[in-house]
Number of protein chains: 2
Amino acid sequence: MPRFRLTLEYDGTEFLGWQAQAAGARTVQGTLEAALEGLLGTPAGVTGAGRTDAGVHAEGQVASFAADTSLEPRAIQKALNGRLPADLAVVACEVVPSAFDPRRDACSKHYRYALWNGPERSPLRRRHAPLVPGTLDVAAMTRAARAFEGEHDFASLQSTGSSVKTSVRTLLRCEVQGVAGGEIRLDVEGTGFLRHMVRALAGTLVEVGQGRRSEGSIPALLAATDRSQAGPTAPAAGLTLVAVCYPGVPGDSVANPGV
Amino acid sequence: MPRFRLTLEYDGTEFLGWQAQAAGARTVQGTLEAALEGLLGTPAGVTGAGRTDAGVHAEGQVASFAADTSLEPRAIQKALNGRLPADLAVVACEVVPSAFDPRRDACSKHYRYALWNGPERSPLRRRHAPLVPGTLDVAAMTRAARAFEGEHDFASLQSTGSSVKTSVRTLLRCEVQGVAGGEIRLDVEGTGFLRHMVRALAGTLVEVGQGRRSEGSIPALLAATDRSQAGPTAPAAGLTLVAVCYPGVPGDSVANPGV
């Protein structure tokens, strides 16, 4: 039975996240599975690389399903996009080895957090870049962000109530930059993330920008392994799962499935 | 009675344009007048610089009203933003001379048309950059756009059924550029515009990009003064009123009202 990899783009504003928390909730996974069942005539379970929360967007979420179909990947993509709502689209579809697991096989994920540092709330940015008013020292935020790079215990940035084996994670990149017109972006790439970690990171860096937390305080914050020491969890609307990367031979074979 | 100038930002997706076409329609003007009446306790008529159509956005629409109030402009801005919905905000409020007319006094307006030239529809861009699939020759579009600059009879780009005295208008700038990741922007600045002119201009330049219209054909198109010779009216969602400019002394006194 062939297995397929889907790359998904979605506007998370009207989704209650990737995965159903309650029956009847409008989720990305549920919407995709309904479209697939309509296309194939039989249910096909979809697994995703990252469980994005309610309101979080994706430019390159990766999902996978197996189905007993003779349809070509391009035909599946086209048919799914005809069935999916305007806020969800399949931007790529490929055949992958049957053992492919979008979550376990991922070598890294890239998230972006955007915020609007303007004098007034911005109707045109409200869905993707929450307002942070007042003066922000972007240079201090940029320097502080670098201290999160590398392997650390990120327990201070993990939502309370999480139950994972270890809170040690590795960030390959944690970069803040101001872009045109008052928008500020935080790009974070890592091999794994804890629940709400990027949003807690964004909330903490905003406090550095506001001068309420010193830019040199990040190592001590990480050492504390105490969530109450970090800044607040920033609003979901600012977060986008930009891309999921797959390494070496499996990644190459996925990119060139030879179908 | 003091007169105020408001600079407005709005996401036009859920508005039926600036001005009410039918009773009960959700318009920018109507929403603003309702908020003002709630604030002042008495109706105040609002006039706008440009009558944006349903679905068209604004980063810098300009509006004006007179009111018998002792409130400072900053207090009016804050109070209005507390009453306005999330998709409409006052980004500036100033006292202006009582004769100020946002439409008649404007010396130029800047519109931007954005389109998404990607392989697939884009959920994250669907509200501001409509999809134009297939290969587009952006360099040819850029060269063709320049031919619209200057004073011309734009009758070929005017919606049928319009009844204005003259269709001669002057464009100060008509510029196409590709921006990161497949988005293409058309920036048009002019002293005045005809109904649907920028959208017809965008639709015509897309045909140049697709090779269905030669890049040297613009002068002949303008000379024809025939709407049927131009391309289709591009979707409203791609259009944004970026700014309205006011000249010389009135502009300066507006910027420094000394209140």
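Before I start: buried means under 20% relative accessible area, exposed means over 50%, and partly exposed is in between, using a 1.4 Å probe and protein chains only.

**Ground rules.** I'm looking at a predicted model, where local features need pLDDT of at least 70, side-chain atom pairs count only at pLDDT 80 or more, and totals for chains, interfaces and linings use all residues. Residues are numbered from 1 along each chain as its sequence is written, chains are lettered from A and ligands numbered from 1 in the order in which they are written, and side-chain values use heavy atoms, with hydrogens and water left out.

**Arg103(B).** I looked this one up with that definition in hand. Arg103(B) has a relative accessible area of 43%, so I put it down as partly exposed. I found it in the loop between β4 (88–96) and β5 (108–116) of chain B; strands here are DSSP runs of E with at least two residues, helices are runs of H or I with at least four, and both are numbered from the N terminus. What does Arg103(B) touch, not counting residues up to four places away in sequence? I got Gly48(B), Ala49(B) and Arg51(B), where contact means heavy atoms within 4.5 Å. I also checked Glu149(B): it is 46 residues from Arg103(B) in sequence and 22 Å away in space, C-alpha to C-alpha.

**Pro85(B).** Next I went to the loop between α2 (73–83) and β4 of chain B, where Pro85(B) lies. Its relative accessibility is 25%, so it counts as partly exposed. Leaving aside neighbours within four places in sequence, I noted contacts with Arg26(B) and Thr31(B), plus Arg121(A) from chain A. Leu32(B) is 53 residues from Pro85(B) in sequence, yet their C-alpha atoms are 9.6 Å apart in space.

**The two copies.** How many degrees of rotation superpose chain B on chain A? I read off 180 degrees, with 0.0 Å of shift along the axis and an RMSD of 0.0 Å. The two copies are thus related as by a two-fold rotation axis. In chain B, Arg127(B) comes closest to the axis, with its C-alpha at 5.4 Å. I also saw that 100% of chain B's interface residues are interface residues in chain A too, so the copies meet through the same surface.

**Chain A overall.** I counted six helices and nine strands. Of its 259 residues, 51% are buried. The C-alpha trace spans about 60 × 40 × 35 Å along its principal axes.

Key
Copies are superposed by least squares on the C-alpha atoms of residues with pLDDT of at least 70 in both.
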